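Hello, and please help me find my way around this one.

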Amino acid sequence: RRILLINGPNLNLLGTREPSVYGSETLADVVRIAKANGEKLGVIVEDYQSNHEGGIIDRIHRAKKDGVKGIIINPGAYTHTSVAIRDALLGTDIPFIEVHISNVHAREPFRHHSYFSDKAVATIVGLGIKGYEYALDFVATSPKFA
Ligand code: DQA
């Protein structure tokens with residue numbers, strides 16, 4: 001089974017970006033851990049990061065063609081703005097888990113609303129990069145993503 005890990009804008013800066021909020025691990029660390037855990041769990045983890053809304057949408061469309069069974073997505077700031085990425089997920093009907101490294105609910109009010117949470121199988125916030133690991137564990141073992 002193929003699982004897609006998507007990280008949105010500014011997440012390429014993980015490790016150096018506001019480390020007090022997002023920690024010191026890099027996106028490369030996140031991807032390395034995800035691929036290693038994927039191997040243990042018997043799934044293939046593909047990864048994609050983009051700072052561009054359209055790139056993320058195109059990648060979701062491709063995932064549908066490729067038969068990807070589940071998406072783990074941290075949409076970054078697009079969480080709070082992007083009807084278009086929401087529609088790509090709904091339009092392809094690929095089940096997804098939404099992950100946020102920080103606890104968005106403990107931050108500025110504009111981060112409290114997500115265009116994804118009501119359609120996500122689950123949302124994980126505030127667990128640092130561990131959130132991606134918990135999400136992958138669930139996606140790899142739950143029949144919801146079979
Ligand atoms: C984030 C939270 C968003 O509000 C922010 O714009 C990000 C990262 C998180 O992982 O905590 O870029 O999605």
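Reader: Where does H80 lie?

Author: Helices (H or I, at least four residues) and strands (E, at least two) are DSSP runs, numbered from the N terminus. In those terms, H80 belongs to the loop between β3 and α4.

Reader: What kind of model is this, please?

Author: Residues are numbered from 1 along each chain as its sequence is written. Local features need pLDDT of at least 70, side-chain atom pairs count only at pLDDT 80 or more, and totals for chains, interfaces and linings use all residues, since this is a predicted model.

Reader: Is H80 buried or partly exposed?

Author: A residue is buried if 20 or more other C-beta atoms lie within 10 Å of its own, exposed if 12 or fewer, and partly exposed in between, with C-beta atoms placed from the backbone. H80 has 16 other C-beta atoms within 10 Å, so H80 is partly exposed.

Reader: Which residues is H80 in contact with, leaving aside neighbours within four places in sequence?

Author: Contact means that two C-beta atoms, placed from the backbone, lie within 7 Å. With those sequence neighbours left aside, the partners of H80 are F110, R111, H113 and S114.

Reader: Which residues does UniProt list under "binding site"?

Author: UniProt positions follow the numbering used here, feature names are shortened, and annotations may be inferred rather than shown by experiment. The unreviewed entry names N74, H80, D87, I101, S102 and R111.

Reader: Why does N74 count as buried?

Author: N74 has its place in strand β3. Leaving out residues up to four places away in sequence, N74 touches N7, G8, L11, V99, H100 and I101. N74 is buried because the number of other C-beta atoms within 10 Å is 26.

Reader: How many residues around the ligand are polar?

Author: The ligand is surrounded by N10, N74, G76, A77, T79, H100, I101, S102, V104 and R111 (C-beta atom, placed from the backbone, within 6 Å). Ala, Val, Leu, Ile, Met, Phe, Trp, Tyr, Cys and Pro count as nonpolar, Asp, Glu, Lys and Arg as charged, and the others, Gly among them, as polar. The shell holds three nonpolar residues, one charged and, as the polar share, six.

Reader: What is the largest C-alpha distance within the "active site"?

Author: The unreviewed UniProt entry gives this annotation to Y22 and H100. They are spread over 79 residues of sequence yet cluster in space, with a largest C-alpha distance of 9.5 Å.

Reader: Which of Y22 and H100 is buried?

Author: Y22 lies in helix α1 (residues 19-22) and has 19 other C-beta atoms within 10 Å, so Y22 is partly exposed. H100 is in strand β4. Because there are 24 C-beta neighbours inside 10 Å, the residue that counts as buried is H100.

Reader: How many residues of β4 are buried?

Author: On one side of β4 the buried residues are F96, E98 and H100, and on the other I97 and V99. β4 is largely enclosed by the rest of the structure, because its buried residues number five of the five.

Reader: In β4, which residue is the bridge partner of I71?

Author: Strands pair if DSSP finds at least two bridges between them. β3 and β4 run parallel and are joined by three bridges. For I71, the bridge partner in β4 is F96.
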